[in-house]
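These are my notebook entries on a structure I went through today. I set down what I looked up, entry by entry.

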Amino acid sequence: MPMYLPNSYGREGNFKLDVVASGGQVLDLETAVKDGILGGSGGGGLISTAGAEKLDLKVMIEELESVEVPSVFICPISLYPMQDPVTLCTGQTYERSNILKWFSLGHYTCPTTMQELWDDTVTPNRTLQQLIYSWFSQKYLAMKKRSEDVQGRAIELLESLKKVKGQARVQALKELRHVVTAHATAKKTVLDNGGVALVSNLLGPFTTHAVGSEAIGILVNLDLDFASKSNLMQPAKVSLMVDILNEGSIETKINCTRLIEMLIEGKDFESENMSSLSLVVGLLRLVKDKRHTNGVLAGLGLLKTLCSHEPLRNSIVSVGAVPQLVELLPSLNNECLELALHILEVLSTIPEGSNALKDCSCTIPNVVKLLMKVSESCTQLALSILWAVCKLAPEECSALAVEAGLAAKLLLVIQSGCNPVLKQRSAELLKLCSLNYSSSIFISKCKLTRTIQ
C-alpha cells in the first residue's frame, strides 16, 4: 500500500475547514478549493463531471499514487486516501472499512484522539467524499491530457527525424530523449511507431558523437526485442558505442555501458564483437571515477558480464584490470565491492589473472581486510582469490598473508556460523599458510597465543 504524503499545509497541523456540522459534514469546501488550500487552481472551483463518463475513484487513486495528496483526504488509520469517508461523534473522519475494522477488534475509542465514544454511529461525509472525487478527477484528467500531448509530441519527433539532418537532428533526438526518459507513455509510443529501428539506423561508422550520444540515450530507456538487439550488435554500431564510451560525458558513458550490457546480457554473443581493448579501457576509466557512483556500478556490472565469457578474460587482464580493481577495493560501497570481487575471482581462474593478482602488492592486504566484513558472499569470493594467490606461490604469499592478519580472520570464519564450504576452505588456507613454520613459530607470528589458549 503506497504511503501518501500530505501537503505542507496539512503537515503543520493547522488545517481547518470553516465548520463541521453535527451530522459530520464538512462545510464551505468550495471556498477551500478556490483559496488553494486543497490544491485548487484558484477560482476554478470543483470540476464538473456532468455529461462525462463516471470515473472510478479507486482507479484514479491507484494511478495517482505518486501525487501529493491533501492531508484532509487521508485516513488517519491507513494513511491512504479515503473513498468512503465517515465521521465519528468526536468529529474525526476515517475510511469506513478501516474504522469498522477498528471497532471489530473491540476498540470503542476514537483512534486519533483516543477519546471514548459516547455514540458509535458513523455518519457518511458526502461533502468530503465529493471533494475527494472532484480533486482526484481534476488531477487524473490533467494527467491524461498531458499523456496524450506527450504521445503526440513523440510521434511528431519521430516524423521529424525522418527528414531533418545536422544540428536539427541532434535537437530532435535530444527532445525525444527527454520525453522518453520522463514519460512511460512516450516509450510505448516510440516502440509502437517503429522508433527503435529509426533511431538505431542513425548509428553507424559516419555518425557524429552528438547524434550517437542522443540516440543511445533514447535506446537505453526502451525495451528492446531480439531483432532490435541483433541490429545494434553490428560491428560498426558497437564500435561507435565504444568510441562514445571513451569520449562522452559521464551521462553518455553510463548510457553506453548500460546499452551494451542490455545487448549482451543473458545470451550467447559473438565475443569478437566485444573483444575491443578500448571497451575494457573505457570501462576501467569509468569505474575509477569515484565521483559518480552510478558510473562505477554500471562499469563493474558490464565487466562482470564480459568476464562470464571465457575468451574475453585474457583481454581484460592484458589491459591491467587486475591491479586497478584491487586498488579500488577499499573505496567501493558494498554493492560495487561484491561485483569487483566477483570479477577478480573469475580472473583468478586463468593463469594470467592469478599471476597478476600475485604480482600486485595490494592484493593480499586489501582482500584479507574484507574477510568477515561485508557479507558471506564477499567472504567466499575473497577466500577464493586468496587461495588462488597463495597456492600459486605458497612461501612468498603465505608470509605476506600471515603478516596481513589472515590467520586470525580465518579462525573467525571457522568459528562462525558460515556454511561448511567456507569453513573447509578457511581450514585449508590456514594449513597452507602454516606449512613453512613450526607450530610455535606460526602461533607466535600470527599472535594467536591467547586465541589458542
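Which residues does Val 346 touch, not counting residues up to four places away in sequence? I find that Val 346 touches Cys 307 and Arg 313, a contact being heavy atoms within 4.5 Å.

Before going on, I note that this is a predicted model, in which local features need pLDDT of at least 70 and side-chain atom pairs count only at pLDDT 80 or more, while totals for chains, interfaces and linings use all residues. Residues are numbered from 1 along each chain as its sequence is written, and side-chain values use heavy atoms, with hydrogens and water left out.

Entry on Val 346. I located Val 346 in helix H17, residues 334–347, where helices (H or I, at least four residues) are DSSP runs numbered from the N terminus. Val 346 counts as buried because its relative accessibility is 12%; buried means under 20% relative accessible area, exposed over 50% and partly exposed in between, with a 1.4 Å probe and protein chains only. I also looked up its C-alpha distance to Ser 384, which is 9.5 Å across 38 residues of sequence.

Entry on Met 372. I placed Met 372 in the loop between helix H19 (363–368) and helix H20 (376–392), and its relative accessibility of 37% makes it partly exposed. The C-alpha atom of Met 372 lies 9.0 Å from that of Leu 410, 38 residues apart along the chain.

Entry on H9. I checked helix H9 (residues 209–219) and found it mostly covered, with nine of its 11 residues buried, among them Val 211, Glu 214 and Leu 219. What covers these buried residues includes helix H6 (166–182), helix H8 (195–200), helix H10 (226–232), helix H11 (235–247) and H12.

Entry on H12 and H14. I then followed H12 (residues 250–264) to helix H14 (residues 293–307), and the two pack at an angle of about 30° with axes 9 Å apart, the axes being lines fitted to C-alpha atoms over the stretch in contact and the angle running from 0 to 180 degrees between N-to-C directions. That angle makes H12 roughly parallel to H14, a term for angles under 35 degrees. On the H12 side, the residues that meet H14 include Ile 254, Ile 260 and Glu 261, and the H14 residues they meet include Ala 298, Leu 302 and Leu 306.

Entry on cysteines. I counted zero disulfides, a disulfide being a pair of cysteine sulfur atoms within 2.5 Å. Cys 75 is buried at a relative accessible area of 0%, and Cys 390 is buried at 0%.

Terms used
Angles under 35 degrees count as roughly parallel, over 145 as roughly antiparallel, 65 to 115 as roughly perpendicular and the rest as oblique.
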